[in-house]
Amino acid sequence: MKRYHDIVGDGGSRILEQVAERHNRITDGLAGVRHLVAVGSGKGGVGKSTLTLHLAGALRAMGLRIAILDADFNGPSQARMAGVQGALFVPGSHKVALPRTRNGIAVFSMGSVIPESEALEFESQAHGESHTWRATREFALLGEILESFEWGALDVLMFDLPPGAERTVQYAEFLEPRTSFLLVTIPSEVARGVVARSVAALSKGPNRLLGYVENMSGYYCRDCNAIKPLFVSPRPFDAARSKPSGLEIPCLGSVPFDPELARHCDLGIPFEEPPDTPVGRALEQIAQRLLDGLEQTAEPHQ
Ligand SMILES: Nc1ncnc2c1ncn2[C@@H]1O[C@H](COP(=O)(O)OP(=O)(O)OP(=O)(O)O)[C@@H](O)[C@H]1O
Ligand SMILES: [Mg+2]
């Protein structure tokens, strides 16, 4: 029986060359993308997917070329929210073309490939050992998606990340320093605590932290056209910086909870343009700040 010490080099697998070749293919495929932005949090259910899609919509309404890669492979939301659940994948000029929303945002989501009644399985050779391979398989899949689809010329490619502070860092490492991060939180101490961990973990790496958005900051009542309290945070509001204290990165803005926004997400009908409501105006403002932050990046790719 061979022992670990008997294996010389890569054991003849060419694994290092294969990884380098894949890396080059991904880099080539993303050569026309000006900015890469990962929308994460660490905390689940705070509105990462909702904000990814609607900030993408606000950027699209400014005339930018936008794509979304839903990197939440086993909890994909973008297919339903963006209305590309039954999308067909057709050949493009070189690779596979991406389905588009009605307002022209290109979207890849596992939800277009696997119906909601099924789960994505990461099988392993040994029965009951899928957890051993899970992260490896997940990132191999992300690599395959990045190299197989036609991303083309884009202003912004947005990654909708799954929850988990630890996974957020793994995505940062995989997506490399070129990818900037936008974090999402809600006005609750439970969420803030987890997002603070993501900030701490990401701050150790080279990826740029553009800031955070506070989602579900109040409830937008359409009947009275007013924002009402939703969460009552025990943390004092920092009036000087007009942001909730606690996360030591810039606040790009806050978005109230709007039942109409949730309804649009469920129906899979993205807004053609941000609506003329406090929510729509907040999305527009955050999208502009996001863009300003990206344009200030020291070394733009192109
Ligand atoms: N500002 C908002 N107004 C109304 N509904 C919202 C808002 N933000 C999020 N939602 C709704 O809350 C739910 C959770 O949002 P979403 O799926 O975007 O969270 P998430 O952080 O992506 O979750 P996960 O961690 O599972 O990926 C969805 O039904 C979404 O439509
Ligand atoms: Mg999500």
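The talk below sets values against definitions.

Mentor: This is a predicted model, in which local features need pLDDT of at least 70, side-chain atom pairs count only at pLDDT 80 or more, and totals for chains, interfaces and linings use all residues. Residues are numbered from 1 along each chain as its sequence is written, chains are lettered from A and ligands numbered from 1 in the order in which they are written, and side-chain values use heavy atoms, with hydrogens and water left out.

Trainee: Why is Q78 called buried?
Mentor: Buried means under 20% relative accessible area, exposed means over 50%, and partly exposed lies in between (1.4 Å probe, protein chains only). Q78 has a relative accessible area of 0%, so Q78 is buried.

Trainee: Where does Q78 lie?
Mentor: Q78 lies in helix α3. Helices (H or I, at least four residues) and strands (E, at least two) are DSSP runs, numbered from the N terminus.

Trainee: What makes the link between the side chains of Q78 and D160 a polar contact?
Mentor: A polar contact is a pair of N or O atoms within 3.5 Å; within protein, one must be able to donate a hydrogen and the other to accept it, and residues adjacent in sequence count only if both atoms are side-chain atoms. The side chains of Q78 and D160 are joined at 2.9 Å. The side chain of Q78 also reaches the backbone oxygen of S49, at 3.1 Å.

Trainee: Which residues is Q78 in contact with?
Mentor: Contact means heavy atoms within 4.5 Å. Leaving aside neighbours within four places in sequence, the contacts of Q78 include T52, L53, I68, D70 and V107.

Trainee: Is R14 buried or partly exposed?
Mentor: R14 is at 38% relative accessibility, so R14 counts as partly exposed. R14 lies in the segment before α1 (15–29). R14 also has a positive phi of about 55°, although it is not a glycine.

Trainee: Which value makes M216 buried?
Mentor: M216 has a relative accessible area of 16%, so M216 is buried. M216 lies in strand β6. Phi of M216 is near 55°, a positive value in a residue other than glycine.

Trainee: What about E214, buried or exposed?
Mentor: E214 is at 9% relative accessibility, so E214 counts as buried. E214 lies in strand β6.

Trainee: How do you know that R192 counts as buried?
Mentor: R192 is at 17% relative accessibility, so R192 counts as buried. R192 sits in helix α6 (residues 189–203). The side chain of R192 makes a polar contact with the side chain of E189, at 3.4 Å.

Trainee: Why does N103 count as buried?
Mentor: N103 is at 11% relative accessibility, so N103 counts as buried. N103 is found in the loop between α3 (78–82) and β3 (106–108). The side chain of N103 reaches the backbone oxygen of F271 at 3.4 Å.

Trainee: What makes a set of residues a nonpolar core?
Mentor: A nonpolar core is a set of buried Ala, Val, Leu, Ile, Met, Phe, Trp, Tyr and Cys residues joined through side-chain atoms within 4.5 Å. The largest nonpolar core has 42 residues, and L55, L59, I66, M158, L182, V255 and L290 touch the most other members. Helix α8 (residues 278–295) gives the most to this core, with eight residues. A second, separate core of 39 residues includes M110, F122, I145 and L154.

Trainee: Why do such side chains gather?
Mentor: In soluble globular proteins, nonpolar side chains tend to be buried together.

Trainee: Why is I286 called buried?
Mentor: I286 is at 0% relative accessibility, so I286 counts as buried. I286 is found in helix α8. Not counting residues up to four places away in sequence, I286 touches L55, V213, L252, G253, S254 and V255.

Trainee: Which residues come nearest to ligand 1?
Mentor: A residue is near a molecule or strand if one of its heavy atoms lies within 4 Å of it. Of the 19 residues around ligand 1, G45, K48, S49, T50 and N215 come nearest. An oxygen atom of ligand 1 is 2.6 Å from an N or O atom in the side chain of T50. A polar side-chain atom of N215 lies 2.8 Å from a nitrogen atom of ligand 1.
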